Amino acid sequence: MGTGSHHSNDDPRNADIQININGELFHRDQAKVSVFDSGFILGDGVWEGLRLHHGKLPFINQHMQRLYEGAKALDMEIGISKVELINRIFDTCQANDMQDNVHIRLMVSRGVKSTPYQDPRVTITPATIVIIPEYKMPSEDSLDKGLNLYTVYVRRGYPDVQDQKLNSHSKLNCIFGCIQATKAGADEALMLDPHGFVSTCNSTHFFIVRNGEVWTSTGDYCLSGITRSNIIKLCEENNIKVYQKNFTLSEVYGAEEAFVTGTFAGVTPVKSVDGRDIGEYPERQGKGEMVSRLQELYKNMIATDFG
């Protein structure tokens, strides 16, 4: 998932980064793709958000698995192996002399078309592979004080309309949610599934804490989040009761704690949902005991797990 509004992106070093396009490096001002590229014309492609942490790429194998599965679902050949792609990512970071606090957007489109038309058969080049590394730090204010969420009208839909488990370039569903939440003055959109149960956020995954238990959605209508799955794993390994289940907004409003997860920021507390303060102690700004514990567990996991 993306980093949303809860990161700092004012690092002056980003003005001179080099971006990798199909194995070649370009200064960010010169990094361009064709107006006939499938990603530009149709949003036809898949992507991943990665993190460079002390020279390593945490959970890179999980990210590669999701990327290549998404490409297969789109009947699209990436054209290079997972190992070659990982090496290209490392080479790009090395060319930028990057070691830590780096967010990487990896994008793969179907390639350049002979004419603006959706049929994949008019694609005339191999896949376009773009790697954009940038220095970014999670906002300390968000990590401590939490986010304000707003429930939007846009639903996470059925997989026969657009499969939400596919991390595709086509993100209009999420963008509509993001716009509505922003107009309402919130940091992120909370989105429901077609049945009215809580599903996920527009760029992160959503969890609540009730009676000392961690709840998240069934996952039926949201991306198969890597950080989400790692938090579930951490709960299971540390004797924290965790459930993937249906729950309603009323249960969210009455939760003891709430938080969101994403590749870059990890675990971020939620301060309020739809104007309701989460928890009995508003002065904690959403960061209760469970969120603090999971932040520490995830921090340790990041430091040791690079597969």
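Modeller: The largest cavity has a volume of about 110 Å³. On a 1 Å grid over the protein atoms alone, a cavity is a set of points where a 1.4 Å probe fits but cannot get out; points are joined across faces, edges and corners, and a volume is the space filled by probe spheres set on them. This is a predicted model, in which local features need pLDDT of at least 70 and side-chain atom pairs count only at pLDDT 80 or more, while totals for chains, interfaces and linings use all residues. Residues are numbered from 1 along each chain as its sequence is written, and side-chain values use heavy atoms, with hydrogens and water left out.

Biologist: Which residues lie nearest the centre of the largest cavity?

Modeller: A lining residue has an atom within 4 Å of a point. Here there are 13, and Q164, L166, S170, K171 and C174 lie nearest the centre of the largest cavity. By class, four are nonpolar, six polar and three charged; Ala, Val, Leu, Ile, Met, Phe, Trp, Tyr, Cys and Pro count as nonpolar, Asp, Glu, Lys and Arg as charged, and the others, Gly among them, as polar.

Biologist: How many cavities of 30 Å³ or more does a search of the whole structure find?

Modeller: The search finds five.

Biologist: What is the volume of the largest pocket?

Modeller: A pocket is an open set of points with protein on both sides within 12 Å along at least five of seven lines. The largest pocket holds about 490 Å³ of space. Its lining has 22 residues, and R51, L143, A265, Q295 and K299 are the closest to its centre. Eight of the lining residues are nonpolar, six polar and eight charged.

Biologist: Which element supplies the largest share of that lining?

Modeller: Helices (H or I, at least four residues) and strands (E, at least two) are DSSP runs, numbered from the N terminus. Helix α8 gives the largest share, six residues. At least two residues each come from β7 (137–138), α4 (140–145), β15 (266–273) and α8 (289–304).

Biologist: At what angle do α6 and α8 pack?

Modeller: Axes are lines fitted to C-alpha atoms, for helices over the stretch in contact, and angles run from 0 to 180 degrees between N-to-C directions. For α6 and α8 the angle is about 110°, with the axes 10 Å apart. The two are therefore roughly perpendicular to each other, a term for 65 to 115 degrees; angles under 35 count as roughly parallel, over 145 as roughly antiparallel and the rest as oblique. Contact means heavy atoms within 4.5 Å, and T227, N230, I231, K233, L234 and C235 of α6 meet L294, L297, Y298 and M301 of α8. This contact has seven nonpolar, two polar and one charged residues.

Biologist: How are α2 and α6 placed?

Modeller: Helix α2 (residues 60–73) and helix α6 (residues 226–237) pack at about 135°, their axes 10 Å apart, and are therefore oblique to each other. Their contact is made by Q62, H63 and R66 of α2 and I226, S229 and N230 of α6. By class, that contact has one nonpolar, four polar and one charged residues.
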